[in-house]
Amino acid sequence: MVVVLAPPSLALARSKLDRALYGAQQLSLFFPAMAAHHLFRVLSHAAVPDVPPEVIREIRRRYVALLRADLANVEANLYPRDLLFQFPLRAYGANLPRLLADMPRTVRRKKARNHRDVPDVDPARFPSYFRRTFHWQTDGYFTSRSARLYDLSVELLFLGTADVMRRQTIPPITRALQAAGRDDGRLLDVGCGTGRLLSQMAASHPALRLFGVDISPAYVGAARALLADVPDVSLVAENAESLPYRDGYFDMVTSVYLFHELPRAVRRVVLREMKRVLAPGGLLVLEDSAQLVESRTLAPTLARFAEEFHEPFYGDYLVDDLAVALAREGFRVESVTPTYLSKVVVARA
């Protein structure tokens, strides 16, 4: 294979242009997201939080560090440049009026503390901890309408950094493949939701055989639509407490933003299932909310999140160190990396 390198001057010019375009893109997402936060507070008559100056400084520092890491990962060829600008502006623009129109219902639900306002579903299939309106969102995770609005709502929640944080799980995958001298293998995303991470993974490593599992049939349906052009992907709607795969089947397992929505006992069951389906020495990459063990400065903001957005298991999650939980389930933890308001934990089975 012949690799053609751009002259240093051209490469430097492109890098500077990318940084300028990327910065402009993120600012264009940041300010509308802040406006949405303000609107939600006004409608719900919520008080403006009194955030200590040191917390504001730490959040700003982490925000800038995340964006710098995103650019650095591209320059290090850990994932492709296109991911920096793969923001689905048209789809989100179409869904924004729907999200705004639904906001009064969300506000009324929050004021009434009605976290059980979800469609009637089979309790034998969907456990009690799942039958609730996380984030106070309409329909919980049970309908195609909820799935259509979810990604936009999360981007607004995280000020335009949800996809940026998700793809911080890709560098450990890339490095593991490089170390093994291969580009193929089986990767399972547990709690795949609407397929955003799998879409980024497919763009980064097209030779991987991709699998996704999520308990919500509606969200799996959305993932199938998003991944329709990916040639080798398999998606199923099942509970992560009992993964429908044989022992040792996967080389890699990922999971993003799942564990903070599970009770502690269920977290342990899911970790055991992940270890079961991983081959010996297989790679596990988890991303979820920051925890107090490495982010105590953010404690006031993290604690407020559980109350404002109805995350009933989040308070316990904050003190349930993922690295310790992984070690107790037999994983060998390799690294824990803060990523803005999240963290990435890398371990081996």
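**View A. Threonine 169 and its contact with arginine 166.** The side chain of threonine 169 comes to 2.8 Å from the backbone oxygen of arginine 166, a polar contact (a pair of N or O atoms within 3.5 Å; within protein, one must be able to donate a hydrogen and the other to accept it, and residues adjacent in sequence count only if both atoms are side-chain atoms). This is a predicted model, in which local features need pLDDT of at least 70 and side-chain atom pairs count only at pLDDT 80 or more, while totals for chains, interfaces and linings use all residues. Residues are numbered from 1 along each chain as its sequence is written, and side-chain values use heavy atoms, with hydrogens and water left out. Look for threonine 169 in the loop between helix 5 and helix 6 (170-180); helices (H or I, at least four residues) and strands (E, at least two) are DSSP runs, numbered from the N terminus. Threonine 169 is buried, its relative accessible area being 0%. Here buried means under 20% relative accessible area, exposed over 50%, and partly exposed in between (1.4 Å probe, protein chains only).

**View B. Strand 1 and its two partners.** Five of the six residues of strand 1 (residues 185-190) are buried, leaving the strand mostly covered. Strand 1 runs parallel to strand 2 (residues 208-214), and six bridges join them; two strands pair if DSSP finds at least two bridges between them. Within strand 2, phenylalanine 211 stands opposite leucine 188. Strand 1 also pairs with strand 4 (residues 250-256), again in the parallel sense, over three bridges. There, aspartate 189 has threonine 254 as its bridge partner.

**View C. Helix 7 between two strands.** Together with strand 1 and strand 2, helix 7 (residues 196-204) makes a right-handed β-α-β unit. Right-handed means that, with the strands pointing away from the viewer, the path from the first strand over the helix to the second runs clockwise. Helix 7 is mostly covered, with eight of its nine residues buried; among them are Arg196, Leu197, Met201 and Ser204.

**View D. Methionine 252 in strand 4.** Strand 4 holds methionine 252, which is buried at a relative accessible area of 3%.

**View E. The largest cavity.** Two cavities of 30 Å³ or more are counted, and the largest has a volume of about 500 Å³. Its lining has 23 residues, of which Phe40, Leu99, His135, Ser153 and Phe309 are the closest to the centre. A cavity is a set of points, on a 1 Å grid over the protein atoms alone, where a 1.4 Å probe fits but cannot get out; lining residues have an atom within 4 Å of a point. Helix 4 (144-157) is one of the elements that supply at least two lining residues, and helix 4 gives the most, with eight. By class, this lining has 11 nonpolar, seven polar and five charged residues.

**View F. The second largest cavity.** The second largest cavity holds about 70 Å³ of space. Of its 13 lining residues, Gln25, Leu84, Phe87, Asp163 and Arg167 are the closest to the centre. Helix 1 and helix 5 (162-166) each give two or more residues to this lining, with helix 1 giving the most, three.

Definitions and conventions
1 Å grid on protein atoms, 1.4 Å probe; cavity = no way out; pocket = protein on both sides within 12 Å on 5 of 7 lines; lining within 4 Å. Points joined across faces, edges and corners; volume = space filled by probe spheres on them. Nonpolar A, V, L, I, M, F, W, Y, C, P; charged D, E, K, R; others polar.
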